[in-house]
Amino acid sequence: MFYVFPDTNSLAQYLAEQLYQRISSQPNIRLGLATGSTMEPVYAQLLRMNQQQHLNLEQIITFNLDEYVGLEPSHPQSYSFYMQQQLFSGLGLNSSQVNLPCGMTANLAAECVEYSNKIKSAGGLDFQLLGIGTNGHIGFNEPGTSFDSRTHVVELSENTRLDNGRFFSDMAEVPTHAITMGILDILEAKEVVLVATGAHKAQVMADLFHSAIDEQMPASALKTHKNLRIYVDPQAASLIPSAALQAI
Ligand code: F6R
C-alpha cells in the first residue's frame, strides 16, 4: 500500500505518467483533484508531458476536493485560482469541464448537496488524487469527521489554518471555513492515490500507518478502500517501518 520513491521528483514524474496514461486510455475520465504544495510538481510534469504529446481532453471532467468559503475564484489563494494557474489553463480545459465547490454562494448547504449530486450524476470519480494534512485531513475533512460524510461546510482547525497561513500575508486573512467533499464521496472513487512528501509529513504518515480505522485520523478511512495506493518520498516515509514500504 505504501510506495516509496527515490525522491520527490521521481514520485511526481511517476504519478504524472500514471495520470497521463489513465486519461489517454479513458478520454471521458472523471478525475478528482487536490490542490496544495504536494500537487504542484505533479501538475507541472503532467503539463510538460501534454506539451510533448497532446492528450485528447475534450471529454475529461474534473472535480476538486475543496474550496475556501468567502474567497472569490479570482482571489490568488482560492483553490479555483490555484487550479487555473497550476493545471486548467495549461491543459486548455474550459469552465464546463471543471468543478470546484463554490464558497461564495449565499446558500452553502444547497451548494454542498448539489456538489455531491453532481459527482454522482457524472458517473462518480474514476481516479481521486489526495494530499494529506499534518493532522491527517483529506480534503478538508478534519479529525472527527464522520466517514459517512458527503460534501459539507467545515470549520477549519487551528492546525490547518496555521499550516495554510503560509500562503497568506496575515493570519487574519486565512478563511475560517471551507467546503469539502465528504469522506464517503472520496471513498466512492474507483481508484485513490494519496501523496505525501517532505519531512513535515513524516509523523502523520507514521500515525496513519499505525492507526486503526478511526475518525480521529480521517485518512485512515482509506484503509477500507479496495484500490488505494500511498506514494511517499523518503522524507515522508522516514518514520514508517521499512518492511512496510515497497520501493519504486
Ligand atoms: C487540498 C486538500 C488538502 C491538501 C493537504 C496537503 O485541496 O484537499 O487536503 O491536500 O492539506 O496540503 P499540502 O500539499 O499543501 O501539504
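# Briefing: a buried arginine, a nonpolar core and paired strands

Arg-161 lies in helix H5 (residues 158–164); helices (H or I, at least four residues) and strands (E, at least two) are DSSP runs, numbered from the N terminus. This is a predicted model, in which local features need pLDDT of at least 70 and side-chain atom pairs count only at pLDDT 80 or more, while totals for chains, interfaces and linings use all residues. Residues are numbered from 1 along each chain as its sequence is written, and side-chain values use heavy atoms, with hydrogens and water left out.

**Arg-161**

- Arg-161 is buried, with a relative accessible area of 12%; buried means under 20% relative accessible area, exposed over 50%, and partly exposed in between (1.4 Å probe, protein chains only).
- The Arg-161 side chain reaches two backbone oxygens: that of Val-174 at 2.8 Å and that of Pro-175 at 3.2 Å.
- Apart from neighbours within four places in sequence, Arg-161 is in contact (heavy atoms within 4.5 Å) with Leu-156, Met-171, Val-174, Pro-175 and Thr-176.

**The largest nonpolar core**

- A nonpolar core is a set of buried Ala, Val, Leu, Ile, Met, Phe, Trp, Tyr and Cys residues joined through side-chain atoms within 4.5 Å.
- The largest such core has 77 residues, and those touching the most other members are Leu-15, Leu-87, Leu-129, Leu-194, Met-205 and Leu-222.
- Helix H1 (residues 8–25) gives the most to this core, with 7 residues.
- Not counting residues up to four places away in sequence, Leu-15 touches Val-42, Phe-127, Leu-129, Val-193, Val-195 and Tyr-231.
- In soluble globular proteins, nonpolar side chains tend to be buried together.

**Strand E3 and its partners**

- Strand E3 (residues 61–64) is covered on both faces, with Ile-61 and Phe-63 buried on one side and Thr-62 and Asn-64 buried on the other.
- Strand E2 (residues 30–33) runs parallel to E3 and is joined to E3 by 4 bridges; two strands pair if DSSP finds at least two bridges between them.
- Gly-32 has Phe-63 in E3 as its bridge partner.
- From E2 the chain crosses through helix H2 (residues 40–52) to E3 in a right-handed β-α-β crossover; right-handed means that, with the strands pointing away from the viewer, the path from the first strand over the helix to the second runs clockwise.
- E3 also pairs with strand E5 (residues 98–99) in the parallel sense, over 2 bridges, and Thr-62 stands opposite Val-98 in E5.

**Helix H7**

- Ala-202, Val-204, Met-205, Ala-206 and Leu-208 are buried in helix H7 (residues 202–210).
- The buried residues of H7 pack against strands E1 (2–4), E9 (192–196) and E10 (228–232).

Definitions and conventions. Polar contact = N/O pair within 3.5 Å; in protein donor to acceptor, adjacent residues only side chain to side chain.
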